[in-house]
Amino acid sequence: MKARSMKLLPALLLSCMSCASMAASAQDMKIGYVNSERVLREAEPAKRAQAKLEAEFGKREKDLNDQNAALRAKAEKLDKDSPTLSETEKTRRQRELVEEDRDLQRKHREFQEDLTQRKNEELAGVAERANRAIKAIGDAEKYDMILQDQLVIYFSPRVDITKKVIDALNAGK
C-alpha cells in the first residue's frame with residue numbers, strides 16, 4: 001500500500017502544480033461584461049431607431065385603435081338595440097360585427113408582423129455598431145474576454161463596461 005501511495009504522489013504533485021498555475025493565469029485575465037438590454041435602451045442610436053419606428057408605425061397603430069374603438073361602439077349599440085330589432089336584422093348585424101372583427105384581427109396580426117420585422121432590422125444595425133464598439137474597447141483596453149448578458153449568470157460591477165459601450169455609441173465611434 002505504501003508503494004502505491006508513493007507512485008501517486010508525483011501525479012498528485014503535478015496535478016496541484018497545474019491547478020495553481022491555471023489559477024495564477026486566470027487572475028491575469030481581464031474580463032468585461034456588457035448588458036446589451038441596457039445598451040439598446042440607453043444608447044442614442046437605439047433611441048433614434050425606436051423614434052424612427054414610432055414615426056413609421058404610429059399612424060397605422062392609431063388607425064387600428066380607432067377601428068377597434070368603432071367596432072366596440074357598434075357591438076355596444078347592437079346590445080342596446082337588440083331588444084327592438086327583428087331576428088333577421090339582429091343576425092345580419094352580428095354577422096357584420098364578426099366580419100369586421102375578423103378583418104381587424106387580421107390587420108392587427110399584419111401590423112405586429114411588420115413592426116417586428118422592422119424592429120429587428122433597425123436593432124440589427126444598432127447591435128452591429130455595438131459589437132464594433134465592444135471590439136474596439138476590448139482591443140484598446142486589452143480585454144481577454146468580454147461577455148454579454150445572455151451567457152452570464154453573475155458579474156461584478158467592476159467588470160461592467162456597458163457604460164463605455166453606450167458612450168462609444170453616443171459618440172458615433
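Student: Where does Thr162 lie, and what makes that element a helix?

Tutor: Thr162 lies in helix H5. Helices are DSSP runs of H or I with at least four residues, strands are runs of E with at least two, and both are numbered from the N terminus. H5 spans 162–170. Please note that this is a predicted model, in which local features need pLDDT of at least 70 and side-chain atom pairs count only at pLDDT 80 or more, while totals for chains, interfaces and linings use all residues. Residues are numbered from 1 along each chain as its sequence is written, and side-chain values use heavy atoms, with hydrogens and water left out.

Student: Why is Thr162 called buried?

Tutor: Buried means under 20% relative accessible area, exposed means over 50%, and partly exposed is in between (1.4 Å probe, protein chains only). Thr162 has a relative accessible area of 0%, so Thr162 is buried.

Student: Which residues does Thr162 touch, and what counts as a contact?

Tutor: Contact means heavy atoms within 4.5 Å. Leaving aside neighbours within four places in sequence, Thr162 is in contact with Tyr33, Val34, Asn35, Arg38 and Val39.

Student: What makes the approach of Thr162 to Asn35 a polar contact?

Tutor: A polar contact is a pair of N or O atoms within 3.5 Å; within protein, one must be able to donate a hydrogen and the other to accept it, and residues adjacent in sequence count only if both atoms are side-chain atoms. Here the backbone nitrogen of Asn35 lies 2.7 Å from a polar atom of the Thr162 side chain.

Student: How do you know that the buried residues of H5 line one face?

Tutor: The buried residues of H5 are Thr162, Val165, Ile166, Ala168 and Leu169. Seen down the axis of H5, they fall within an arc of 160°, so they line one face of the helix. The arc is that of the directions from the helix axis to the C-beta atoms. An α-helix has 3.6 residues a turn, so residues three or four places apart point the same way.

Student: Against which elements do these residues pack?

Tutor: The buried residues of H5 pack against strand S1 (31–34), helix H2 (36–42), helix H3 (44–81) and H4.

Student: What makes a group of residues a nonpolar core, and which is the largest here?

Tutor: A nonpolar core is a set of buried Ala, Val, Leu, Ile, Met, Phe, Trp, Tyr and Cys residues joined through side-chain atoms within 4.5 Å. The largest has 13 residues, and those with the most contacts inside it are Val34, Val39, Ile137, Val165 and Leu169. Helix H4 (87–140) and helix H5 each supply at least two residues of this core. Apart from it lies another core of nine residues, among them Leu53, Leu64, Leu71 and Phe111.

Student: Why is the pair of Phe57 and Phe111 called edge-to-face?

Tutor: One aromatic pair is found in a search of the whole structure. Rings of Phe, Tyr and Trp (its six-membered ring) pair if their centres lie within 6.5 Å; planes under 30 degrees apart count as stacked, over 60 as edge-to-face and the rest as tilted. The ring centres of Phe57 and Phe111 are 5.8 Å apart and their planes lie at 75°, so the pair is edge-to-face. The pair links distant parts of the chain, with Phe57 in helix H3 and Phe111 in helix H4, 54 residues apart. Phe57 and Phe111 are both buried.

Student: Is Arg118 buried or exposed, and how do you know?

Tutor: Arg118 is found in helix H4. Its relative accessible area is 16%, so Arg118 is buried. The side chains of Arg118 and Glu121 are joined by a polar contact of 2.9 Å. Leaving aside neighbours within four places in sequence, Arg118 is in contact with Lys52, Leu53, Glu56 and Phe57.
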